Amino acid sequence: GAVPADRRSSRAQAADGSSCVKVETRLYRLTLGGDWIEQPSSRGAQKIFTSSRHATTLSVLSQELTDATSKNTVEAARMLLAMRLDAENKIAEANNNPIKIAEPMLVAQPWGASVAYYGADSQGRQFHYSAAVWPRQILTLFVESNRLTQLQLKEVMAEVLAGVEFNADVA
């Protein structure tokens, strides 16, 4: 069947002639330069990409909210952060793989709220999480790698964030 217009992904040429992946949904547009490849995902709102150059996996999850559930974006962001940290710790405990997470940040923004944290597990996996919460949507980005240093992964996250454009009409 046809791919819905809000779930389009394509490979394209960047201005410098290199290849890039473009994803366009109702909520956001994402452009990833380099060797990122979209992988199958079991959740429709989740997109998963891998990069062999970065030795990194990127997960992008977007979710529309109803006005009734998101009147207070800072509180919604606080709940999102608590759920994420709880899930990280439960997975680490279940796998007997202790993790260290740097001080999570929650910042009120003129448009809503943002949250972020980063950390590593005892087997060398590094990860960064960033989310934006608007009155009517949430967008989360999660990058992880077993080979990159925390600083290298932070640079990958900055590169990914630079390729994100939000649809202000939906936010």
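Two strands are said to pair if DSSP finds at least two bridges between them, where strands (E, at least two residues) and helices (H or I, at least four) are DSSP runs numbered from the N terminus. The model is predicted, so that local features need pLDDT of at least 70 and side-chain atom pairs count only at pLDDT 80 or more, whereas totals for chains, interfaces and linings use all residues. Residues are numbered from 1 along each chain as its sequence is written, and side-chain values use heavy atoms, with hydrogens and water left out.

**View 1. Strand β9 and the hairpin that links it to β10.** Between β9 and β10 (residues 126-133), which run antiparallel, there are eight bridges, and A113 has V133 in β10 as its bridge partner. Four residues lie between the strands of this hairpin, in which G124 takes a positive phi near 95°.

**View 2. Strand β9 with β7 and β8.** Strand β8 (residues 105-109) runs antiparallel to β9 and is joined to it by five bridges, with Q109 opposite G112 and a hairpin of two residues connecting the strands. Strand β7 (residues 99-101) pairs with β9 in the antiparallel sense over three bridges, and K100 has A120 as its partner.

**View 3. Loop residues A55 and N96.** Most residues other than glycine have a negative phi. A55, in the loop between β5 (46-51) and β6 (56-64), has a positive phi of about 50° and counts as buried at 17% relative accessibility. N96, in the loop between α1 (73-94) and β7, has a positive phi near 50° and is exposed (over 50%), with a relative accessible area of 68%.

Key
Buried < 20%, exposed > 50% of the residue type's maximum accessible area, 1.4 Å probe, protein only.
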